[in-house]
Amino acid sequence: VQLQASGGGLVQPGGSLRLSCAASGSIFSITNIGWYRQAPGKQRELAATITRSGNTHYSDAIKGRFTISRDNSGNAVYLQMNSLKPEDTAVYYCWAFGSWKEYWGQGTLVTVSS
């Protein structure tokens, strides 16, 4: 499974961004897919995930502001980020799990600053 993330950038506090992750390869094996993030000087942490059946999980830090979704084909997952805060500044990584394996995409940098 290969994961390609895109959509990061610079945004002002209170603004919005939408991250995309395109999955390719053995995508039929994926059961969970989502996003982790790593802020400067901090450990990587889970942001949001979605299962094949559509069940979602969000970290407390982003709940109510971010929305994860996936297309019906399972080829892509999205993270709509609203009401962004400076503390959301991080490298966002696309992640997938399936067949007892984890897969990681390259990160995309999100910077929230005025």
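1. Thr89 sits in the loop that joins strand E8 (76-81) to strand E9 (90-98). Strands here are DSSP runs of at least two residues, numbered from the N terminus. This is a predicted model, in which local features need pLDDT of at least 70, side-chain atom pairs count only at pLDDT 80 or more, and totals for chains, interfaces and linings use all residues. Residues are numbered from 1 along each chain as its sequence is written, and side-chain values use heavy atoms, with hydrogens and water left out.

2. Is Thr89 buried or exposed? Thr89 counts as buried because its relative accessibility is 17%. Buried means under 20% relative accessible area, with a 1.4 Å probe and protein chains only.

3. The Thr89 side chain has polar atoms placed against two backbone groups. The backbone oxygen of Pro86 is 2.9 Å from a polar atom of this side chain. The backbone nitrogen of Val112 also lies 2.9 Å from a polar atom of the Thr89 side chain.

4. Leaving aside residues up to four places away in sequence, Thr89 touches Ala39, Pro40, Val110, Thr111 and Val112. Contact means heavy atoms within 4.5 Å.

5. The structure has one disulfide, defined as a pair of cysteine sulfur atoms within 2.5 Å. Cys21 and Cys94 form it, with sulfur atoms 2.0 Å apart. Cys21 belongs to strand E3 (residues 17-24) and Cys94 to strand E9, so the pair ties together parts 73 residues apart in sequence.

6. What is the handedness of the disulfide? The S-S torsion of Cys21 and Cys94 is about -85°, so the disulfide is left-handed. Both cysteines, Cys21 and Cys94, are buried.

Notes:
Helix = DSSP H or I, 4+ residues; strand = E, 2+ residues; numbered from the N terminus. Buried < 20%, exposed > 50% of the residue type's maximum accessible area, 1.4 Å probe, protein only. Polar contact = N/O pair within 3.5 Å; in protein donor to acceptor, adjacent residues only side chain to side chain.
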